[in-house]
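Hi,

Here is the structure I said I would pass on. Have a look at it first, and then read on for what turned up.

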Amino acid sequence: QVQLEDSGGRLVQAGGSLRLSCAASGNTFSRYGVAWFRQAPGKERSLVAVISWSGGNILYADSRTGRFTISRDNAQNTAYLQMNRLEPEDTAVYYCAAGRLPDFTWETVTNRAYYTYWGQGTQVTVSS
C-alpha cells in the first residue's frame, strides 16, 4: 500500500514559479511510475507529466515550452513538479498519482486506470 500526500499549491502571480511535492508512505514507492495530473473547473483531469520508476523516462503533456519539470527522489519517497513561468491557464487542482505502468506509451501514461494511488490534490491558482 502507498499513500500519497501532495502539497505546495498556492496563489501565485503570472510569471511566477511553484514546486509541488508528492510525499509517499510505504517502501514500495520506487516500484511505481509517478504522474502529475491537473483538473480545472469544468474540465477533465488530464496528464501534466509522468516519470518512470527509475526516473529514466519522462513525458510531458506539453513539451514545447519547457515550463514544467518532473523529478523524483526514491530515497526520500518523494516526487516533484517544478512549474515556471506560470500562466492563469495553469490554474487547477494538481494531483500526484502512482501506479505500475506496463509501458511508457502515451496511451498508457495518460490512462488514469493505471494509477492505483492518488494524492488528495493541491490547489494552484495563478492570477493575471
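Which residues line the largest pocket? Before the answer, one caution: this is a predicted model, so please read everything below as computed from it.

The lining is made up of Arg-38, Leu-47, Val-48, Tyr-60, Ala-61, Asp-62, Thr-65, Arg-67, Phe-68, Glu-87, Glu-89 and Asp-90. By type, that gives six charged residues, five nonpolar and one polar. The volume of this pocket comes to about 190 Å³.

Now the inside. The largest nonpolar core has 28 residues, and the members that touch the most others are Leu-4, Trp-36, Leu-81, Met-83 and Tyr-94. As background, nonpolar side chains in soluble globular proteins tend to be buried together.

Setting aside residues up to four places away in sequence, Leu-81 touches Leu-18, Arg-19, Leu-20, Trp-36, Val-48, Ala-49, Phe-68, Thr-69, Ile-70 and Tyr-94. Two of those names, Val-48 and Phe-68, you will also find in the pocket lining.

On to the cysteines. Searching the whole structure turns up one disulfide, and it links Cys-22 with Cys-96 at an S to S distance of 2.2 Å. Cys-22 sits in strand E3 and Cys-96 in strand E9, so the bond ties together parts that are 74 residues apart in sequence. The link is right-handed, with 65 degrees about the S-S bond. Are these two cysteines buried or exposed? Both Cys-22 and Cys-96 are buried.

One last stop, also in strand E9: Ala-92. Why does Ala-92 count as buried? Because its relative accessibility is 1%, and the cut-off for buried is under 20%. Ala-92 also lies 4.2 Å from Ala-40, C-alpha to C-alpha, although the two are 52 residues apart in sequence. Apart from neighbours within four places in sequence, the contacts of Ala-92 are Arg-38, Gln-39, Ala-40, Thr-122, Gln-123 and Val-124. Of these, Arg-38 is another residue that lines the largest pocket.

Cheers

How values were computed
Residues are numbered from 1 along each chain as its sequence is written. This is a predicted model: local features need pLDDT of at least 70, side-chain atom pairs count only at pLDDT 80 or more; totals for chains, interfaces and linings use all residues. Side-chain values use heavy atoms; hydrogens and water are left out. A nonpolar core is a set of buried Ala, Val, Leu, Ile, Met, Phe, Trp, Tyr and Cys residues joined through side-chain atoms within 4.5 Å. Buried means under 20% relative accessible area, exposed over 50%, partly exposed in between (1.4 Å probe, protein chains only). Contact means heavy atoms within 4.5 Å. A disulfide is a pair of cysteine sulfur atoms within 2.5 Å. Helices (H or I, at least four residues) and strands (E, at least two) are DSSP runs, numbered from the N terminus. On a 1 Å grid over the protein atoms alone, a cavity is a set of points where a 1.4 Å probe fits but cannot get out, and a pocket is an open set with protein on both sides within 12 Å along at least five of seven lines; lining residues have an atom within 4 Å of a point. Grid points are joined across faces, edges and corners, and a volume is the space filled by probe spheres set on the points. Ala, Val, Leu, Ile, Met, Phe, Trp, Tyr, Cys and Pro count as nonpolar, Asp, Glu, Lys and Arg as charged, and the others, Gly among them, as polar.
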